[in-house]
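The following paragraphs lead the reader through the strand pairing and the aromatic contacts of the structure shown here.

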Amino acid sequence: MSTANTPGFTAEKLVRWTGNLDKVALDALARPGSLIVSATKVGYILMAIDGIGLGRKFDAKQRNRNKPAVVLCASLEELEELAVLNNEIRAFYRMHWESGLLLGCILPWRTQAQTRIPDSTTRELVMDGRGTSCFVVRFGRPAEQLVAALWDKGRLVFASSANPSGIGNEGRVDGIGERIAQAADCIVEADEYVSSIQPGKDQSQRHEQGVMVSMVDDEGKLIPEQHGQRSVTPCPVLIRRGLDYEQIMENLAVTFQSWDYRHGQYY
């Protein structure tokens, strides 16, 4: 990492992850309207807790506001409280949780859980037109610690990649770019952690995103359980290839008799 004399990477906002929850980063993220950067398994993300912070995120990335942020879940209990699941999807998530595999699925919100969304702007920027969001688990300890601490306080955390639209950060904190570095209130650096997730791969070979699976139909309704039957539709659709996709596709085949692969179909 080399951030010396780079605008935005000031000593006041840059913290290095030590393996433990960083109080400076937590305090920064907990403030209304906050926007921070943190390391994950697949590089760096922008994290916010409300509509003002999410608005700052889109401005920092110079991106249109039509791509929803994801919902970060620090536990299966949090996931259960927020999203509509069925037993097969629940088992699919648990399989990845226990294996420590990054996974995001498109799901409807529980009606009661929507009261946890802090404001109408947040709702607009984390839900699609069908009222669904991507709920992500096992995204990496530096960010997971922050999300868990805020969930304990009843707060949700939303995120997207910390890089200009269409440009990856290559798993390096200085790859987030000057504009994002200047916009962020705090930056949690953990380059070594990121590189340790995909050992033996250089920056050009690493996956910079997680797998995303749609578990809803075209109207945003949860797909039906299959109960071991074949040719059930609608079915799970893998819509984004990413880290550990080989194992996740194997897990799809184990859990569901029918599923589809449509990279880039949505999100």
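Two strands are said to pair if DSSP finds at least two bridges between them; strands (E, at least two residues) and helices (H or I, at least four) are DSSP runs, numbered from the N terminus. The model is predicted: local features need pLDDT of at least 70, side-chain atom pairs count only at pLDDT 80 or more, and totals for chains, interfaces and linings use all residues. Residues are numbered from 1 along each chain as its sequence is written, and side-chain values use heavy atoms, with hydrogens and water left out.

Strand β10 (residues 237–240) pairs with β11 in the parallel sense over two bridges, and leucine 238 has tyrosine 261 of β11 as its bridge partner. Both strands belong to an open sheet of eleven strands with mixed pairing, in the order β1-β8-β2-β3-β7-β4-β6-β5-β9-β10-β11. Its edge strands, β1 (14–16) and β11 (260–261), each pair on one side only.

Turning to aromatic pairs, rings of Phe, Tyr and Trp (its six-membered ring) pair if their centres lie within 6.5 Å; planes under 30 degrees apart count as stacked, over 60 as edge-to-face and the rest as tilted. The structure holds three such pairs. One of them joins phenylalanine 92 and phenylalanine 256 edge-to-face, at 5.7 Å centre to centre and 65° between the planes. Phenylalanine 92 lies in helix α4 (residues 87–99) and phenylalanine 256 in the loop between α9 (245–255) and β11, 164 residues apart.
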